[in-house]
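Hi everyone, thanks for making the time. I'd like to walk you through one structure today, so let me put it up on the screen.

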Amino acid sequence: MSSTRLESYRRKRDLNRSGEPAGGRSRRGRAPVFVIQKHHATSLHYDFRLEVAGVLKSWAVPKGPSTDPRDRRLAMEVEDHPLDYASFEGVIEEGSYGAGPVIVWDTGTYRNASERGGEEIPIEQALRDGHASVWLEGRKLDGGWSLRRIRDGAKPQWLLVKRRDAGADARRRPTSTQPESVLSGRTIEELARSAGSGG
Ligand code: MN
């Protein structure tokens with residue numbers, strides 16, 4: 001199933017060339033993962049991804065996530081990515097789709113917190129309906145975030161907003177104060193420099 005869902009992902013890329021995962025791995029019996037990758041392609045953005053039904057549902061968030069519940073961060077829905085993309089960090093080479101450096105800015109597990117009238121709504125349905133809520137347990141981020149679709153069509157747009165809970169903090173600016181990768185400790189600039197000098 002995930003192989004057909006990843007058609008769009010594979011069509012856009014020469015995976016032999018870019019070194020990005022082709023996908024197809026599936027993992028069962030554990031909490032679903034989330035990842036936020038900082039990606040400096042044509043413009044700098046953060047890719048917010050949630051494991052849903054064997055793929056990573058994905059949104060590009062230009063400003064990245066905020067821990068301030070008053071901030072509404074635009075999140076542009078992009079194509080599903082393979083699960084093994086969650087640990088991808090590297091430089092997508094010039095001429096390839098999304099060319100530029102990628103670091104894993106935060107990752108961990110999440111649980112679905114989508115509900116209506118006290119009834120849990122499965123995450124797939126909540127995303128179809130355009131109103132989902134997730135509880136992240138990452139290294140930098142924790143607590144609830146809501147995702148609300150504000151524009152449908154070919155390029156759906158969503159808002160990613162911190163929920164009001166113990167993890168909310170209007171003064172914290174994790175994208176500024178904790179810019180480094182949770183996998184390697186490198187910043188995206190350090191990664192780009194090391195890839196550049198390595199040829
Ligand atoms: Mn991206």
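Let's begin with the metal: along the sequence, the residues that donate to the manganese ion follow the spacing H-x5-H-x1-D. Please keep in mind that this is a predicted model. Which atoms coordinate the manganese ion? They are ND1 of H39, NE2 of H45 and OD of D47, at 2.1 to 2.3 Å. As for the two histidines, H39 and H45 are buried.

The largest pocket has a volume of about 510 Å³. It is lined by 23 residues, and those closest to its centre are H45, A60, V78, E79 and Y97.

On to the second largest pocket, which has a volume of about 160 Å³. Its lining includes A113, S114, E115, R116 and I121, and you will also find H131, A132, S133, S146 and R163 there. Two elements give two or more residues to this lining, β7 (115-116) and β9 (131-138). The most comes from β9, with 3 residues. Here the division is 3 nonpolar, 4 polar and 3 charged.

That's my tour, and I'm happy to go back to any part of it.

Methods:
Residues numbered from 1 in each chain as written. Predicted model: local features only at pLDDT ≥ 70, side-chain atom pairs only at ≥ 80, totals over all residues. Heavy atoms only, no water. Donors = N, O, S within 2.8 Å, 3.2 Å for Na, K, Ca; no water. Buried < 20%, exposed > 50% of the residue type's maximum accessible area, 1.4 Å probe, protein only. 1 Å grid on protein atoms, 1.4 Å probe; cavity = no way out; pocket = protein on both sides within 12 Å on 5 of 7 lines; lining within 4 Å. Points joined across faces, edges and corners; volume = space filled by probe spheres on them. Helix = DSSP H or I, 4+ residues; strand = E, 2+ residues; numbered from the N terminus. Nonpolar A, V, L, I, M, F, W, Y, C, P; charged D, E, K, R; others polar.
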